[in-house]
Every structure is written in structure tokens, then in C-alpha cells.
Amino acid sequence: MNDIPFHKNANIRTADFSILNYLQQVNVLPDKIAMFSNLKEFGLENYVKVQAAVLLLVKRGSVDVELDLKTYHLEAGALFVVFPEQVLRAKKASEDFDPICIACSKNMIDELIIRFDDNTRLILRFRENPLQQLDKDEFDRLNTSFEFLKKKFETTENNSCRLQVLKNHLIGLLYECIGFVEEPLTTDVVKSRGQVLFAQFIDLVVEKHREQHSVKYYADELGITPKYLSAVAEEQTGKNAKRWIDEHIALDAKVLLRSSSRDIQKVSKILNFPDVSFFGKFFKRLVGVSPKAYRKTTD
């Protein structure tokens, strides 16, 4: 285990996507997608900050896990979703615990998320409800899709279009998962004022982020102070209001850069930046590369 790329950060270790190259019985498309069943080698009895998105479907047995310090009980038929930067720990697993997992790197998440409308609300919905308990029919259907994707890993190894094949099957599987969390919520669920305010804030960000970049605008619209709005966002998600605004603008920028032939100056104008230089600095700060370099990765 010493050769596996875990990096200590106080009492929390960071598990990079490349750890999957070290596991046994794993199907990996490097830096993109992986499927596996054995979780023991991850060392999840300790806290791990996950650097990938993970879909976990429990086929048999059960496990108790902590996700961002909140405990969940997963049993047969459970669908569990983990996002990058979340902290995970397995507290107790039964002897017959048998999951099937799909992991997507951060690069792959960028490629997938632009295929979904209303992506911010979608991410929030999964974050709020990472555990979905499926009935037998739902589990059987989803398990069939998981197994089908696994089979495609094995049968497309020499196919020049392997990434496109796997990506499109994964998108279909994700839509199936979305269907389980998009069912109407029961009317007896009472939300706190913070939850209501944050949901209203996100609705406004989705609608107005191209024109409005400041926390003050959204706070004014909600009739609260910028300081209080940031405190609400921090309490609900661990990220302040400005971070949510910036990340949604950056996500929209990625979509525009990937899905259109507009030049970077035009994208900057659509997103209401004062000039292309300011946009470039913003994008590099949020994404890590310049808009030009990011667009080249999509060629």
C-alpha cells in the first residue's frame, strides 16, 4: 500500500484517481472511467478525501459509511453517490458486502456534465440525497445497466472509439440514476430557512449568473445581507456564496468553450466579463488552465 498515491493531509488522506491503476480486478480507461468491486484496498477505514465522482451500487450485504461526517447505512439495493473533494470513511461492512462501483475522474466529469441540462440543480440534488434505496425492480434494471457497461469495458479494448462508446453508455446509466432522485419529494418534508434560502439562491444563480457575478446582487434579491448569504451557503454546502457563483460561471464557460465555435472573446462577452483578459484570469483561477488551453483539450 505504500506505493499507492495517498497523500496525508492532517488525519485525512487524499485518494487520486490514479489509485485505481493499483487495484486488482478493475477496468480502467486511464484518467477517465473505472469500474471495480473491491473496496478493501482503499483503506476506507480511515478518512479519505476522494478525487473522483463515484457511483456505488450495493448488490449484497451492507456497510455503514460517513460522507462529510454524516453517517449512512447502505444495504442491498442502495445507490450511493460521492463527489470530488468529499470526505469518505467506511465504518462497518458485513462479511458479504458486495458492491459494484463506477468512478469518473475530474476530467471525465467535465466532459459528462455539459451533456446534462440544469446541471447545478442536478449536482445539488445528489449532494443533498447521496443515498437512494431502490426497490427490487429498480435495482435489477440498474444492475443490468452497470453490468452492461462493465461488459463494454471488456469488449471494446481494441476499439478505436472506445472512449465514445463507454461515455455514451455511461450517460445513459446516469440518466437512469437521475430518474430515481427526480421523483417528487413527499410533502411532509420540512426544510429549514437555510435550506430554503440556499435553494432560492441557486435558482437565481442558474438564471442570472451570466449577467450578475456579485454576492450583493443575489443577497439583495433575497432580502438578506451578503454576509448572511455566504454564511448560509457555507453552512449548507461548505462553500461560500461567491464560490458557488464563480463555479457556476466557470462551468458555463466550459460548456461554451466545448460546445460552440465562438471565439474566446465572444464567450467572455456572453458571460459579461469586462474584457477577455479578465475572463482569462478568472477561468485559469477556477479551472487551472487558460480558456485557450482548455479548448485544445476538447479537440
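Two residues are in contact when heavy atoms of one lie within 4.5 Å of the other's. Keep that in mind during this tour of a predicted model.

**Stop 1: the whole chain**

Show everything as a cartoon. The protein has 299 residues, and 48% of them are buried. Look for 11 helices and 12 strands. Take the contacts between residues at least 6 apart in sequence: 67% of these join residues at least 24 apart.

**Stop 2: Phe 201**

Select Phe 201, in helix 5. Is Phe 201 buried or exposed? Its relative accessibility is 0%, so Phe 201 counts as buried.

Now show what surrounds Phe 201. Leaving aside neighbours within four places in sequence, Phe 201 is in contact with Tyr 218, Leu 222, Leu 229, Ala 241, Trp 244 and Ile 245. Pick Leu 229 from that set. Phe 201 and Leu 229 are 28 residues apart along the chain, yet their C-alpha atoms are separated by 8.4 Å.

**Stop 3: helix 5 against helix 7**

Select residues 193–208 for helix 5 and 226–237 for helix 7. Their axes are 9 Å apart, and the packing angle is about 105°. That makes helix 5 roughly perpendicular to helix 7.

Which residues of helix 5 meet helix 7? On the helix 5 side they are Arg 193, Gly 194, Gln 195, Leu 197, Phe 198 and Phe 201.

**Stop 4**

**Stop 5: the largest nonpolar core**

In soluble globular proteins, nonpolar side chains tend to be buried together. Here the largest nonpolar core holds 31 residues. Select Phe 198, Phe 201, Tyr 218, Leu 229, Ile 245, Leu 271 and Phe 279, which touch the most other members.

Next, colour the helices. Helix 5, helix 6 (215–222), helix 7, helix 8 (241–259) and helix 10 (276–287) each supply at least two residues of this core. Which helix gives the largest share? Helix 8 does, with 8 residues.

Zoom in on Ile 245. Not counting residues up to four places away in sequence, Ile 245 touches Phe 201, Val 205, Gln 212, His 213, Ser 214, Val 215 and Tyr 218.

**Stop 6: Asp 252**

Go to Asp 252 in helix 8. Asp 252 has a relative accessible area of 12%, so this residue is buried. Beyond its neighbours within four places in sequence, Asp 252 is in contact with His 209, Arg 210 and Leu 271.

**Stop 7: Gln 51**

Finish in a loop. Gln 51 is found between strand 5 (48–50) and strand 6 (53–60). Gln 51 is buried, with a relative accessible area of 13%. Which side chain makes a polar contact with the side chain of Gln 51? Select Lys 106: the two side chains make that contact at 2.9 Å.

Definitions and conventions
Residues numbered from 1 in each chain as written. Predicted model: local features only at pLDDT ≥ 70, side-chain atom pairs only at ≥ 80, totals over all residues. Heavy atoms only, no water. Axes fitted to C-alpha atoms, helices over the stretch in contact; angles between N-to-C directions. Helix = DSSP H or I, 4+ residues; strand = E, 2+ residues; numbered from the N terminus. Parallel < 35°, antiparallel > 145°, perpendicular 65-115°, else oblique. Buried < 20%, exposed > 50% of the residue type's maximum accessible area, 1.4 Å probe, protein only. Polar contact = N/O pair within 3.5 Å; in protein donor to acceptor, adjacent residues only side chain to side chain. Core = buried A, V, L, I, M, F, W, Y, C linked by side-chain atoms within 4.5 Å.
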